[in-house]
Amino acid sequence: QYVPFAALPSSVSATPLIVDHEVLNLPSASVLAVLREETANRKPASKAVAVLADPVFSASDPRLSKNHGTAAVDNSALADTYRSAAESGVGKLTRLRFSRKEAEEIARLAGDNRNLKALDFAASRAVATDAKLSDYRIVHFATHGLINNQHPELSGVVLSLVDEQGRPQNGFLRLYDVYNLKLNSDLVVLSACQTALGKEIKGEGLIGLTRGFMYAGAPRVVASLWRIDDRASADVM
């Protein structure tokens with residue numbers, strides 16, 4: 001599960017397999033059964049792409065007005081986010097500036113004004129859990145991903161942690177939130193660090209974000225095995 005087969009060189013040359021082949025990984029046979037049940041006779045989503053990127057993690061972010069009020073952070077969801085970031089080895093949740101360029105370029109290539117481009121404060125947990133997200137064939141997250149092997153239930157995707165007034169809010173799309181999503185997507189992209197990892201369960205493979213999004217209805221998930229550079233991620237995506 002930790003080997004990037006698509007990046008391995010072929011036996012003939014040093015060319016990575018992905019150059020000439022499409023390499024897919026299936027978590028387990030039980031996931032395949034769920035996917036077949038979820039997608040059988042399902043109508044395609046009506047819209048193309050939803051991109052959530054460049055969320056706001058801190059009240060000190062320059063995107064906030066200097067005149068916003070201060071608020072005490074007394075929020076269990078925020079505490080869970082910071083705890084999970086520390087346990088996942090992420091540390092400080094810094095802004096991912098190139099995720100914005102990534103989102104803008106994807107939206108430009110999609111070229112349809114019916115697509116969703118949720119940036120800044122709009123890249124929120126509320127948008128991610130909205131039933132309207134099921135209208136999109138591709139759902140793309142470009143933000144911090146937390147894979148917490150100490151406490152797997154605290155794995156998730158970090159979205160905007162403050163609102164436009166600088167007030168703290170729940171912006172942590174936790175693993176149980178992901179399992180409870182109802183997606184009609186053909187593809188979910190997790191453009192974040194180590195999103196393909198998780199807790200290894202004998203006979204079931206890795207339990208993490210990838211499996212969560214598959215149970216939510218996405219038959220395909222693009223995820224990362226490693227920590228990835230912000231600029232390089234944007235270029236690849």
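Okay, let's start in the sheet: strand 7, residues 187–191, is joined to strand 10 by two bridges, and the two run parallel. Two strands pair if DSSP finds at least two bridges between them. Within this pair, Val 189 stands opposite Val 222 of strand 10.

Before I go on, a word on what you're looking at. This is a predicted model, where local features need pLDDT of at least 70 and side-chain atom pairs count only at pLDDT 80 or more, while totals for chains, interfaces and linings use all residues. Residues are numbered from 1 along each chain as its sequence is written, and side-chain values use heavy atoms, with hydrogens and water left out.

Which order do the strands come in? The order is 2-1-3-7-10, five strands in an open sheet with parallel pairing.

Now look at strand 3. Strand 1 (residues 47–53) is joined to strand 3 by six bridges, running parallel, and Leu 52 stands opposite Phe 141 of strand 3. Strand 3 also has five bridges to strand 7, again parallel; there, Ile 138 has Leu 187 in strand 7 as its bridge partner. Is strand 3 enclosed or open? Five of its seven residues are buried, so strand 3 is largely enclosed by the rest of the structure. Buried means under 20% relative accessible area, exposed means over 50%, and partly exposed is in between, using a 1.4 Å probe and protein chains only. And a handy bit of background: in a regular strand the side chains alternate between the two faces of the sheet.

Next, the aromatics. How many aromatic pairs does a search of the whole structure find? Two. Rings of Phe, Tyr and Trp (its six-membered ring) pair if their centres lie within 6.5 Å; planes under 30 degrees apart count as stacked, over 60 as edge-to-face, and the rest as tilted. Phe 141 and Phe 213 have ring centres 5.7 Å apart and planes at 45°, so that pair is tilted. Phe 141 belongs to strand 3 (residues 136–142) and Phe 213 to helix 7 (residues 209–215), so the pair ties together parts 72 residues apart in sequence. Phe 141 is buried at 2% relative accessible area, and Phe 213 is buried too, at 0%.

Then there's Tyr 179 with Tyr 215: the centres are 5.6 Å apart and the planes at 40°, so this pair is tilted. Tyr 179 is in helix 6 (residues 175–179) and Tyr 215 in helix 7, so to speak two distant parts of the chain, 36 residues apart. Asn 115 sits in the loop between helix 4 (98–110) and strand 2, and it is buried at 16% relative accessible area. What does its side chain reach at 3.1 Å? The backbone nitrogen of Val 49. A polar atom of the Asn 115 side chain also lies 3.4 Å from the backbone nitrogen of Ala 48. A polar contact is a pair of N or O atoms within 3.5 Å; within protein, one must be able to donate a hydrogen and the other to accept it, and residues adjacent in sequence count only if both atoms are side-chain atoms.

His 144 is in strand 4 (residues 144–146) and is buried, at 10% relative accessibility. Its side chain has a polar atom 2.7 Å from the backbone oxygen of Thr 94. Leaving aside neighbours within four places in sequence, the residues in contact with His 144 include Phe 57, Leu 96, Val 158 and Ala 192. Contact means heavy atoms within 4.5 Å.

Last, the whole protein. There are eight helices and 10 strands. The radius of gyration, taken over C-alpha atoms, is 18 Å, close to the 18 Å that the globule rule gives for 237 residues, so the protein is as compact as a globular protein of that length. That rule is 2.2 Å times the number of residues to the power 0.38. Buried residues make up 42% of the 237.

Key: Helix = DSSP H or I, 4+ residues; strand = E, 2+ residues; numbered from the N terminus.
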